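Here is a short briefing on a predicted model.

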Amino acid sequence: MYIKAASNISPQNTFGNQPYLSELAEYTGEQLTCIEPEYKTLIDPKLIRRMSRIIKMGVATGMDCLHQAGINAPDAIITGTAYGCLADTNTFLSKMVQQNEDALSPTPFIQSTHNTISAQIALLLQCHQYNNTFVNGGASFENALLDAMMLLYEGTAANVLVGGIDEITANSHAILKRMGLYRRFPVSNFELLNIPGEGTMAGEGAAFFMLSQEASGNDWAKIEGVSSFYKPRSIAEIQQHINTFLLTRHIDINEIDLVITGNNGDLKNDTVYGQLQQYDFANIPAINYKALCGEYPTSSAFAMWLAAHEIKNGVCSFVPQSNQIPLKKVLIYNHYQNIHHSLILLSAC
Amino acid sequence: MDKLMADLKEQIIEQLNLQDVKPEDIGDDQPLFGDGLGLDSIDALELIVLLQQKYKVKLSNAEDGPKIFRSVRTIAEFIESNKIPNA
């Protein structure tokens, strides 16, 4: 199946007609936050007034993706998000406490559910087709992608809009920091991977893709497969998953032109990548994408946008020694907290 | 009454997060729903919450809603006739 269009709001200048990652944004501190567009030109101001930041990011990228693909009525809208609309959830819960559960404003409650973004896109389009949201930690986007692929394989849908979205809020960041996820001392995202330590930098983003079973002749890339696995017990088990994933698609690891990995500068987290880069991925050019977008549970959606862009461009922009190789196959390997691991394989059309 | 209506206009804009709308853009007798300010059913719920929070006034009969929320003036009249003294 094919990626007809992709749209991405991230901590880099990735939305709209920006040149592809020509100038990278540097962040020093604990988090990378999204560079957001002027939404009034993208969403009806009457609707924007009820939308929190994550909803605006999701709706803007989803609608942009549809616009790029020239599709007004997708056959399905599927999203993946680990935390959902946290700002609205926080507002609603805080008001419940402050007002002793009395006279509560309905809007934050209505907008706080995890499926708000897919629902808002459907409402805007008056789209009554399949609409689903997957909430499964670090595998949320992969689950959404797998659902989209199954719909396309089964022939029940011809065009599916699929996206991964998560946001940072002050409260969620404070809680996750207390759990040891983030660095205790400020660091630059450009140096994050060069100075390994305890914890990483937080990130956020919204990336949507228009997938189709039929080639349009103008597609970004082809999706060869997606696979996720849970809490592998050893590096050998991870290697086995990678080998099986490639073997079932009749692909040798040497055929992979570029591997995009989820190194995030956290010593505990990066051990797995280090071992794979030493052996399995030793001879493959690599990009560590989390220096661009930070760590969040649906960051693999950013990685897929990056992979699709690299394939569309035909050359690897970030690895000097390989920039003359025409990219044919790009493998994304990511794990979130060493709990949810995933593989996504894209190829040139 | 004029002070109450001026306050209401500011509170409506804030509560409903009306973008690019100023208090002077809302007429005292301008319809709030439909073709007027363009509010909808969720806004009606927000207005009920606003009256309860700011003025301690409760809407006891939902069927009275369209009449009470017709304009800023009708809301102000409803508050005046239903407010609890010294509340």
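In this predicted model, buried residues account for 37% of the 87 residues in chain B. Chain B has four helices and zero strands. Its elements run α-α-α-α from the N terminus on.

**Chain B: dimensions and surface**

- For 87 residues, a compact globule would have a radius of gyration near 12 Å; chain B has 12 Å, so the two agree.
- Along the principal axes, the C-alpha atoms of chain B fill a box of roughly 35 × 25 × 20 Å.
- The accessible surface of chain B is about 5,000 Å². Carbon and sulfur atoms hold 48% of that surface.

**Chain B: contacts**

- Take the contacts in chain B between residues at least 6 apart in sequence: 57% of them join residues at least 24 apart.

**Chain A: nonpolar cores**

- In soluble globular proteins, nonpolar side chains tend to be buried together.
- The largest nonpolar core has 47 residues. Ile3(A), Leu145(A), Phe209(A), Ile260(A), Met304(A), Leu306(A) and Leu346(A) touch the most other members.
- Helix H11 (residues 300–313) of chain A gives the largest share of this core, nine residues.
- Domain 1 (2–212) and domain 2 (221–347) of chain A both contribute residues, so this core lies between them.

**Chain A: the surroundings of Ile260(A)**

- Leaving out residues up to four places away in sequence, Ile260(A) touches Ile287(A), Tyr289(A), Ala303(A), Leu306(A), Ala307(A), Val330(A), Leu331(A), Ile332(A) and Tyr333(A).

Conventions. Residues are numbered from 1 along each chain as its sequence is written. Chains are lettered from A and ligands numbered from 1 in the order in which they are written. This is a predicted model: local features need pLDDT of at least 70, side-chain atom pairs count only at pLDDT 80 or more; totals for chains, interfaces and linings use all residues. Side-chain values use heavy atoms; hydrogens and water are left out. A nonpolar core is a set of buried Ala, Val, Leu, Ile, Met, Phe, Trp, Tyr and Cys residues joined through side-chain atoms within 4.5 Å. Buried means under 20% relative accessible area, exposed over 50%, partly exposed in between (1.4 Å probe, protein chains only). Helices (H or I, at least four residues) and strands (E, at least two) are DSSP runs, numbered from the N terminus. Domain bounds come from an automatic or database domain assignment. Contact means heavy atoms within 4.5 Å. The radius of gyration is taken over C-alpha atoms; the globule rule is 2.2 Å times the number of residues to the power 0.38. Accessible areas come from the Shrake-Rupley method with a 1.4 Å probe; for residues, only the protein chains shown count as cover.
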